Amino acid sequence: MKYLNDFTVDRLSRRQLLKMGMYTSVALSLPFSALSASKSGIIDQRAPELEVDYWIDKDGKQTTFSLAQHPDKWIILECFQNWCPGCRSHGLPALRDFSNAFSENPKIAIAGIQTVFEGFHSNTLDKIRKIQLEYDLKIPMGHHPGNPKTHKNPKMMLDYRVGGTPWIILINPERKVIYNGFNINVDKAIDFLTNLSSG
């Protein structure tokens, strides 16, 4: 049996891994060992509902997206910002890979969310559609700004203890967060989710 790498195994007991049926690897690309002791991320907790007011669908038309709309599915969320270099170099390309692999998969839901906690002049609502087209993202996209006057982060960032952008969140069909961090090995994650969703 292949296990998740040490970073994820630290957060999931062997019993939980067996219960989740993880017989393939979704090894993460960076060993964020410091993250386990920090206040960032929530692992093995029930995923809070998203309170994001603005969404567009894959065609750029206003829509809605919530966890409740996708019961019994795997859910991939990525937090990003328009001006974030890491989002441009690997976060949004990773989201594109997930979109290409799973946008038509009935057992997996994917969404990108611009969680604005800085650069309010650049990370604006109008950038959502531009990014969607630029990266050919055939998925719902949301815009969730914090407050530029009080410097309060968006509620989703607070609920999920998001440590910055890009930030990947993976939620299992039982609505438990099984990954919540800066980066993930996309190829292995796609293999993992493909195997689990094909049964």
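A residue counts as buried when its relative accessible area is under 20%, as exposed when over 50%, and as partly exposed in between, using a 1.4 Å probe and protein chains only. The model is predicted: local features need pLDDT of at least 70, side-chain atom pairs count only at pLDDT 80 or more, and totals for chains, interfaces and linings use all residues. Residues are numbered from 1 along each chain as its sequence is written, and side-chain values use heavy atoms, with hydrogens and water left out. Helices (H or I, at least four residues) and strands (E, at least two) are DSSP runs numbered from the N terminus.

**Strand S5**
- Five of the five residues of S5 (residues 167-171) are buried, so the strand is largely enclosed by the rest of the structure.
- In a regular strand, side chains alternate between the two faces of the sheet.
- On one side of S5 the buried residues are Trp167, Ile169 and Ile171, and on the other they are Ile168 and Leu170, which leaves both faces covered.

**Pairing around S5**
- Strands pair if DSSP finds at least two bridges between them.
- S5 pairs with S2 (residues 74-80) in the antiparallel sense over five bridges, and Ile171 is the bridge partner of Ile75.
- S5 is also joined to S6 (residues 177-181) by four bridges, again antiparallel; here Val177 is the bridge partner of Ile171.
- The S5-S6 hairpin has five residues between its strands, and Arg175 in the turn has a positive phi of about 65 degrees.

**The sheet**
- Six strands form an open sheet in the order S1-S4-S3-S2-S5-S6, with mixed pairing.
- S1 (54-56) and S6 stand at the edges with a single partner strand each, so one side of each lacks a neighbour in the sheet.
- Neighbouring strands are turned by 15 degrees against each other on average, direction ignored.
- S1 and S4 (residues 141-145) run antiparallel and are joined by three bridges, with Ile56 opposite Met141.

**Helices on the sheet**
- H3 (residues 85-102) packs on the sheet and touches S2, S3 (108-116) and S5; its direction makes about 155 degrees with that of S2.
- H6 (residues 186-197) also packs on the sheet, touching S2, S3, S5 and S6, with an angle of about 155 degrees to S2.
- Axes are lines fitted to C-alpha atoms, for helices over the stretch in contact, and angles run from 0 to 180 degrees between N-to-C directions.

**Whole chain**
- The chain has six helices and six strands, in the sequence pattern α-α-β-β-α-β-α-β-α-β-β-α.
- Buried residues make up 52% of the 199 residues.

Terms used:
Contact means heavy atoms within 4.5 Å.
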